[in-house]
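Reader: I'm new to reading protein models. Could you walk me through one, a feature at a time?

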Amino acid sequence: MKNSGKELVGYAVATIILIVFLFSLSSILSTPVPLAVVSSWSMEPVLHVGDIVIVARQGDYAVGDIIIYDSGHGIIVHRIVAKLDDRYVVKGDANLSPDPVQPTNKMILGKVQAVIPLSLIHISEPTRQAEISYAVFCL
């Protein structure tokens, strides 16, 4: 029973540290969404479902940048393929056509700075899968 109490305290401390870290990361990278999880195959073969991207806001974006933006229906991770005045044409690398939404700088939450591939995350204990899935979902 004592070990369970210590484990609970350990989880609570780890959760508090993670929350402080995420709030700090948001401030450091100047974006409300410093981390995002890739949820579709549209950016294959560069990004895979489950990959975690680290994002930072930029002053301006260029053709070729992989960005995340708020489409109004969700957060999208796609590449800029053209710039039209104050809007960007974006498309998933695996998609045949560009997105119907052409985001402005205001809609863009940031440029992908780094990728943590899902393949680097090793889950050895089946009981941990639910905890890790929940943590990724919360991101």
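**Reading the model step by step**

Author: Let's start with serine 71, which sits in the loop between β3 (66-70) and β4 (75-84). Helices (H or I, at least four residues) and strands (E, at least two) are DSSP runs, numbered from the N terminus. This is a predicted model, in which local features need pLDDT of at least 70 and side-chain atom pairs count only at pLDDT 80 or more, while totals for chains, interfaces and linings use all residues. Residues are numbered from 1 along each chain as its sequence is written, and side-chain values use heavy atoms, with hydrogens and water left out.

Reader: Is serine 71 buried or exposed?

Author: Check the relative accessible area: buried means under 20%, exposed over 50%, and partly exposed in between (1.4 Å probe, protein chains only). Serine 71 has 15%, so it is buried.

Reader: Which backbone nitrogen does the side chain of serine 71 reach?

Author: A polar contact is a pair of N or O atoms within 3.5 Å; within protein, one must be able to donate a hydrogen and the other to accept it, and residues adjacent in sequence count only if both atoms are side-chain atoms. Here the serine 71 side chain reaches the backbone nitrogen of histidine 73 at 3.1 Å. For plain contact, we ask for heavy atoms within 4.5 Å. Setting aside residues up to four places away in sequence, serine 71 touches Ile76 and Val101.

Reader: Let's zoom out. How many helices and strands does the protein have?

Author: There are two helices and six strands. Reading from the N terminus, the order is α-β-β-β-β-β-β-α. Of the 139 residues, 29% count as buried.

Reader: Which residues make up the largest nonpolar core?

Author: A nonpolar core is a set of buried Ala, Val, Leu, Ile, Met, Phe, Trp, Tyr and Cys residues joined through side-chain atoms within 4.5 Å. The largest one has twelve residues, among them Val33, Val53, Ile68, Val77 and Leu109. The elements giving two or more residues to this core are β2 (52-56), β3 and β6 (108-116). There's also a second, separate core of seven residues, including Ile67, Ile80, Tyr88 and Val90.

Reader: Now the charged ones. How many salt bridges does the count come to?

Author: A salt bridge is a side-chain nitrogen of Lys or Arg within 4 Å of a carboxyl oxygen of Asp or Glu. By this rule there are three. In one of them, aspartate 60 pairs with lysine 83, and the closest N and O atoms are 3.3 Å apart. That pair links distant parts of the chain, 23 residues apart: aspartate 60 is in the loop between β2 and β3, and lysine 83 is in strand β4.

Lysine 111 forms another with aspartate 65, with the closest N and O atoms 3.4 Å apart. Lysine 111 lies in strand β6 and aspartate 65 in the loop between β2 and β3, so this pair ties together parts that are 46 residues apart in sequence. Aspartate 65 is buried at 13% relative accessibility, while lysine 111, at 24%, is partly exposed.

Arginine 79 and aspartate 93 also meet through their side chains in a salt bridge (2.8 Å, N to O). Arginine 79 belongs to strand β4 and aspartate 93 to the loop between β5 (87-91) and β6, 14 residues apart.
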